[in-house]
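Dear colleague,

Please find below the structure that I promised to pass on to you. My notes on it follow directly after.

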Amino acid sequence: MDLTFTPEQELLRQEVRTWLEQNLPPVARPSSTSDEAKAFDLEWQQTLYRGGWAGISWPVEYGGRGLDTLEQLIFLQEYASAGAPDEGFRFNGLNLGGPTIIAYGNEQQKAQYLPPILRGETIWCQGFSEPGAGSDLAAIRTRGVVDGDELVISGQKIWTSYARFADYQQVLVRTDAEQLRHRGISWVICKMDSPGITIRPIGDMAGGDDLHEVFYDEVRVPLANIVGGINNGWKIAMGQLGFERGTAFMTLQIELTRVVEDLIEMAKTTTVDSGGFAIEDDEYARALGKLRVEARALQAMTLMAVSRIERSGSPGAEGSMLKLYYSDLIKRVGSTAVKILGMSRLNMSVKSGRWPHWLLWSFGVALGGGTSEIQRNIIGERLLGLPR
Ligand SMILES: Cc1cc2nc3c(=O)[nH]c(=O)nc-3n(C[C@H](O)[C@H](O)[C@H](O)COP(=O)(O)OP(=O)(O)OC[C@H]3O[C@@H](n4cnc5c(N)ncnc54)[C@H](O)[C@@H]3O)c2cc1C
């Protein structure tokens, strides 16, 4: 792969840098999951839209910027080094719901749902997991029964990020009870304020409450909201998990380099038991150096995935390597930070203490979008050719 950028790509880098310098929000994104954070995210999305930077990967015909994967990488590198706001509430619509509708939706669905995502008017959530169906997603039991021109949904989802703030949910339902497992599943767009939906937040150990249980009691959804045809949802869900393990986390992966540099800066001003600053302690200095190298290795793996996407259109099973390495690395970043801070200075209010919060949050990252064990299975079977 060629690591040099063309003059056109360097020009794009400069354009992104200048735009971000002039348009970054004057205040930091609220860290809580709240109406305030939602309003902030939508407003930032509107600013991106006005600047022509909404949906950088989305095709131009659907209002996106139409950047190729390498150009997206350039955008994200600049975005991360400018310290621009996290995707937060915008993540699902921009990276999962929107791209899935682009890939599998009909023209009416594209016209109705895509522009509001780009314009910062709607928030989406993902209703895949159920109490008995997580890693084994094909075990879902939430059912959708056709009644006239509507689908009547009953059942339960769990771990739905942002559900109580979302306008729409992409929900997987079993529409043919006779068919086993991955046959007979449909991918459906459901309005979150539909009668019959009950949402209950779940508190997490990082102090947040952005996960939810969602209950459906005969929720009526137009058949026109089924994407890709009835009973075709498995193929669509797998396509979407490909985005989730491939490019959707690229922003976070790129940001990690900056986070490690922040940690190194923290170590320069934090005293440890030996009396000096953490950075002067051999053991900490070695650990921090290793994290810096690992963050660079992650960047190199991201470039490798980008190069693969450029060639074949998908990161393939290598997306699992990237997700696994990222999930492990952020845990090591969090635990090193917490060790440096030491118990006495550890701000156990995880909502305000950046590093304790980071460590606790990292455990969830290793589960969402497919657990680390599942990524190891994929790597073993599809990349290394090991038996199931
Ligand atoms: C922060 C966070 C956000 C999330 N957001 C969403 C969301 O928005 N929408 C949504 O639908 N879901 C969401 N999830 C749910 C997530 O996708 C599931 O938690 C995940 O797929 C695991 O499923 P499970 O929790 O049912 O665990 P299980 O599948 O029951 O797994 C339990 C344990 O067994 C291991 N295991 C299971 N099967 C195998 C196997 N074949 N080989 C080896 N080990 C195995 C797993 O790795 C895990 O350690 C989120 C989860 C988290 C933590």
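Within β7, Pro 201 has His 212 as its bridge partner. This pair belongs to the contact between strand β6 (residues 197-202) and β7, which run antiparallel and are joined by 6 bridges. Please bear in mind throughout that the model is predicted.

Strand β7 (residues 211-222) also pairs with strand β3 (residues 150-158), again in the antiparallel sense, over 8 bridges. There, Leu 151 has Val 221 of β7 as its bridge partner.

Strand β4 (residues 168-174) pairs with β5 over 7 bridges in the antiparallel sense, and Val 173 stands opposite Ser 186 of β5. Strand β8 (residues 226-227) is likewise an antiparallel partner of β5, over 2 bridges; here Trp 187 stands opposite Val 227 of β8. Is β5 mostly covered or mostly open? It is mostly covered, since 6 of the 7 residues of β5 are buried. As a general point, side chains in a regular strand alternate between the two faces of the sheet.

**Domains**

The domain assignment divides the chain into domain 1 (7-118), domain 2 (124-231) and domain 3 (246-383). Between the C-alpha centres of domain 1 and domain 2 there are 26 Å. Contact between these two domains involves 13 residues of domain 1 and 13 residues of domain 2. On the side of domain 1 that touches domain 2, the elements giving two or more residues are α4 (91-104) and α5 (107-118). Helix α4 supplies the largest share of that side, 7 residues. By class, the residues on this side of domain 1 comprise 5 nonpolar, 7 polar and 1 charged.

**Helix α8**

Helix α8 covers residues 282-312. With 31 residues at 1.5 Å a residue, α8 should span 45 Å, and its end C-alpha atoms are 44 Å apart, which agrees. Which residues of α8 are buried? They are Tyr 284, Leu 288, Leu 291, Ala 295, Leu 298, Thr 302, Ala 305, Val 306 and Ile 309.

**Ser 31**

Ser 31 sits in the loop between α1 (7-23) and α2 (35-51). Ser 31 counts as partly exposed because 15 other C-beta atoms lie within 10 Å, whereas a buried residue would need 20 or more and an exposed one 12 or fewer. Ser 31 and Ala 237 are 206 residues apart along the chain, and their C-alpha atoms are separated by 30 Å.

With kind regards

Technical notes:
Residues are numbered from 1 along each chain as its sequence is written. This is a predicted model: local features need pLDDT of at least 70, side-chain atom pairs count only at pLDDT 80 or more; totals for chains, interfaces and linings use all residues. Domain bounds come from an automatic or database domain assignment. Two residues are in contact if their C-beta atoms, placed from the backbone, lie within 7 Å. Helices (H or I, at least four residues) and strands (E, at least two) are DSSP runs, numbered from the N terminus. Ala, Val, Leu, Ile, Met, Phe, Trp, Tyr, Cys and Pro count as nonpolar, Asp, Glu, Lys and Arg as charged, and the others, Gly among them, as polar. Two strands pair if DSSP finds at least two bridges between them. The expected span of a helix is 1.5 Å times one less than its number of residues.
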